[in-house]
Amino acid sequence: MISSELLKRFAGARRVTVLTGAGVSAESGVPTFRDAQTGLWANFKAEDLATPRAFRRNPRLVWEWYEWRRKLVAEANPNPAHLALAEMEPLFPNFQLITQNVDGLHQRAGSRRVIELHGSITRTRCFDEGTVVSSWEDTGEVPPKCPRCGGLLRPDVVWFEEPMPQAEMGRALAASVHCDVFLSIGTSALVYPAASLPVEALRGGATVVEINPQRTPFTEQAKFVLTGAAGVVLPELVADLKRASRA
Ligand code: OAD
């Protein structure tokens, strides 16, 4: 049940900003990173797979690992959490969704105002040029080669030890500092600078809400904590928001 106090905060809100992490895609069957059983980092070593050094050392291994993730995501569907966030967008004059996820499921659910902080595995780019490549000749080489410069192709995601996309980070920071309500959903709040966004929202005076079945390092700073799965809590929240807007 969403508290009337929280609904009141939403009622007066014009600017709502949402930060999502892997937990939002968990109910679509997409593995998270740090969950004990299913987390990718519980079963693979991030430094062997998600760093430029790992790619230079073994480009085939890294490319094939992302191909496996890409196929898994292509077969996944947006879950009620993604759909609820897409429904939430038109309820507020100024709504901004910021995601750390690279699976593209928010867009497939219908969200339009999405900032991808860590890129997307649905896109591929040239390792040398840094530009997105939408098609290439399948020569059977793994990874495939850039049709322009012959360099290796790689997923268009942010790896560890790589800088965040400046423009996206700037927009995400502005949307976090200047908002009335900030939702941190399905993220362990461990990876910076994304994890600094809810803190910036607090500093900006926003009502900050955390939605997660577990506690995180941010939980005690949140003004409201909705403990539960995003696919359960978000549809309930959106239904209450819609009811309140009709009242
Ligand atoms: P994590 O795997 O670190 O955290 C997932 C969070 O989702 C945890 O807090 C879980 O408790 C929570 N969770 C699990 N199931 C959930 C559900 N059904 N509903 C809501 N929450 C649920 O994933 P992230 O916080 O997204 O970056 O990780 C942040 C970044 O670290 C990723 O973007 C990735 C990773 O390394 C890079 O690879 C650069």
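Predicted model: local features only at pLDDT ≥ 70, side-chain atom pairs only at ≥ 80, totals over all residues.

Student: Domains to begin with. What does the domain assignment of the chain give?

Tutor: Domain 1 is put together from 1-30, 76-118 and 163-247, while domain 2 consists of 32-75 and 121-157. Taken over C-alpha atoms, their centres are 27 Å apart. In the contact there are 15 residues from domain 1 and 13 residues from domain 2.

Student: How much area do domain 1 and domain 2 bury between them?

Tutor: About 1000 Å², with 56% of that on carbon and sulfur atoms.

Student: And how many residue pairs are in polar contact between domain 1 and domain 2?

Tutor: Six residue pairs, counting those with both residues at pLDDT 80 or more. On the side of domain 1 that touches domain 2, the classes are seven nonpolar, five polar and three charged residues.

Student: How many salt bridges does the rule find across that interface?

Tutor: One salt bridge between domain 1 and domain 2.

Student: OK, zooming out. How many salt bridges are there in the whole structure?

Tutor: The search turns up 19. One that ties together distant parts of the chain is Asp180 with Arg15, at 3.0 Å from N to O.

Student: Where do Asp180 and Arg15 sit?

Tutor: Asp180 is in the loop between α9 (166-177) and β6 (181-185), and Arg15 is in strand β1 (residues 15-20), so the two are 165 residues apart. Asp180 is partly exposed at 24% relative accessible area, and Arg15 is partly exposed too, at 31%.

Student: What about pairs inside a helix, like Glu67 and Lys71? How far apart are their closest N and O atoms?

Tutor: 3.8 Å, and the pair forms a salt bridge. Glu67 and Lys71 are about one helical turn from each other because they are four residues apart in helix α6 (residues 59-75). Both are partly exposed, Glu67 with 23% relative accessible area and Lys71 with 48%.

Student: Then Arg243 and Asp240. Why are those two separated by about one helical turn?

Tutor: Because they are three residues apart in helix α11 (residues 230-246).

Student: Is Asp240 buried or exposed?

Tutor: Asp240 counts as buried, at 8% relative accessibility.

Student: Last topic, the asparagine. Where is Asn101 found?

Tutor: In the loop between β2 (94-99) and α8 (105-109). Asn101 has a relative accessible area of 7%, so it is buried.

Student: What lies 3.0 Å from a polar atom of the side chain of Asn101?

Tutor: The backbone oxygen of Gly21. Gly21 also turns up among the residues Asn101 touches.

Student: Which residues does Asn101 touch, not counting those up to four places away in sequence?

Tutor: Thr20, Gly21, Ala22, Val24, Ser25, His106 and Gly119.

Notes. Residues numbered from 1 in each chain as written. Heavy atoms only, no water. Buried < 20%, exposed > 50% of the residue type's maximum accessible area, 1.4 Å probe, protein only. Polar contact = N/O pair within 3.5 Å; in protein donor to acceptor, adjacent residues only side chain to side chain. Contact = heavy atoms within 4.5 Å. Salt bridge = Lys/Arg side-chain N within 4 Å of Asp/Glu carboxyl O. Domains from an automatic or database assignment. Buried area = accessible area lost by both parts, 1.4 Å probe. Nonpolar A, V, L, I, M, F, W, Y, C, P; charged D, E, K, R; others polar.
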